[in-house]
Amino acid sequence: MPQSVQRPLAVAIMGPTASGKTAAALAIAERIPSEIISVDSALVFRGMDIGTAKPTRAELAAAPHHLIDIIDPLDAYSVAQFRNDTLRLVDDIVARGKLPLLVGGTMLYFKGLADGLDDLPGADPALRAQIEEEAAQLGWPAMHARLALLDPVTAARLAPADAQRIQRALEICTLSGKPMSALLAQREHTELPFELLSFALEPSDRAVLHERIARRFDLMLADSPDGNLLTEVEQLRRRGDLHPGLPSIRCVGYRQAWDYLDGNIDYATMRETGIIATRQLAKRQLTWLRSMPERRVIDCLGADPTGQLLAQIGRRLG
C-alpha cells in the first residue's frame with residue numbers, strides 16, 4: 001500500500017497586539033533556519049512604520065521577512081491577495097530548506113488562508129457611496145445597529161466604529177440578500193498544501209496586556225531618531241492624496257493622529273482614544289482566536305513563552 005505524501009510544515013504564531021509575536025519569531029529563527037511571512041494588514045503599507053510597530057531595521061536583517069512594505073497607502077490589499085502570496089511564499093521557503101513562520105495578528109488573513117476563499121459578491125461603488133452617505137448622516141454606530149438586525153453574527157464580531165468592515169457586510173447583505181456570515185459558512189473548506197502548526201500567544205491577565213499596549217502607544221508618540229507617530233502621519237498628510245476613508249489611514253493610531261492634526265481632538269484625547277482603540281483591537285483578536293480550536297495556546301505573560309514554542313516545534317520537527 002503506497003504511503004501518503006507528507007506535507008511540509010509551516011508554523012503560525014498568532015496573538016493580539018503587543019503579545020510578543022515578533023520577538024518570539026526572531027528567537028525561533030535564531031535556532032531554526034526560518035523565513036518570516038507577515039500576517040498583518042497594516043505592515044503591508046510603505047511609509048507606515050512607527051504606528052504599525054513595524055520590525056526595526058535590525059529585526060528585518062536578522063531573518064528574511066515577507067509581505068512588509070509591499071503596497072502604497074493609497075492602495076488596498078485583500079485576503080485573496082494575501083492567500084495567493086502566502087501559498088507561493090511557503091512553497092518557495094520550503095524549497096530553500098527553511099521553515100515558514102507565519103506571524104501576525106490579522107485573524108481574517110489566517111482564517112482566509114486556512115478556510116479558503118469565499119464566493120462573496122464584488123464591490124459595488126454606487127452602493128458603497130450610498131452606504132457612506134448614510135453613515136455620514138447617521139454615524140457608523142447606527143449602521144452597525146442596522147447590520148445587527150441583518151446579520152447579528154457578523155455584527156457581534158465588529159466594533160461599532162469599524163467603518164470598513166461594517167460597510168462591506170452591509171454591501172454583501174444588500175447585493176446577495178443573505179447575511180455575510182451565512183455565505184461564509186457555506187464555502188467549501190480547502191485543504192492547504194502544507195501542514196499549519198498554529199500557536200496563539202494569549203495573555204493570562206488581560207490587564208497586563210492593556211498596560212503593555214499603553215506603554216507601546218506612548219513610545220510611538222515619544223520622539224526618536226526616526227520621529228514619532230505624529231511626524232509620520234504629518235508626512236502622509238503632506239502627500240495630498242490620502243484621506244481617513246482609506247484602509248491605511250483607518251489603521252489603529254493613524255486615524256486618531258489624523259483627527260488630532262485636523263484639529264478635531266486635543267492631544268490628551270488623541271492619546272486616550274488611540275490606546276482604547278488598540279485595546280479594542282486586541283479584544284477582537286482574542287475573540288477571533290477563541291474561534292480557532294486547532295490553535296495551541298501559550299501564555300504570552302508566562303515563563304519563557306519562546307522556549308515553549310521552540311520545544312513544541314522541535315518535537316514536531318523531530
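**Exercise 1.** State how many salt bridges the structure holds, and describe the pair formed by K54.

*Solution.* The count comes to 18 salt bridges, where a salt bridge is a side-chain nitrogen of Lys or Arg within 4 Å of a carboxyl oxygen of Asp or Glu. The model is predicted: local features need pLDDT of at least 70, side-chain atom pairs count only at pLDDT 80 or more, and totals for chains, interfaces and linings use all residues. Residues are numbered from 1 along each chain as its sequence is written, and side-chain values use heavy atoms, with hydrogens and water left out.

Step 1. K54 pairs with D49, and their closest N and O atoms are 3.0 Å apart.

Step 2. Accessibility is then assigned (buried: under 20% relative accessible area; exposed: over 50%; partly exposed: in between; 1.4 Å probe, protein chains only). K54 counts as buried because its relative accessibility is 9%, whereas D49, at 36%, is partly exposed.

**Exercise 2.** Locate the two partners of the salt bridge between E195 and R316.

*Solution.* Step 1. The N to O distance of the E195 and R316 side chains is 2.4 Å.

Step 1. E195 lies in strand β5 (residues 195-202) and R316 in helix α14 (residues 305-317), so that distant parts of the chain, 121 residues apart, are linked. Helices (H or I, at least four residues) and strands (E, at least two) are DSSP runs, numbered from the N terminus.

Step 2. E195, at 25% relative accessibility, is partly exposed; R316, at 27%, is partly exposed.

**Exercise 3.** Characterise the contact between domain 1 and domain 2.

*Solution.* Step 1. Domain 1 covers 9-118 + 189-317 and domain 2 covers 125-185, with bounds from an automatic or database domain assignment.

Step 1. Six residues of domain 1 are in contact with eight of domain 2, contact being heavy atoms within 4.5 Å.

Step 2. About 660 Å² is buried between the domains, 52% of it on carbon and sulfur atoms; buried area is the accessible area (1.4 Å probe) that two parts lose on being put together, summed over both.

Step 3. Zero salt bridges are counted between domain 1 and domain 2.
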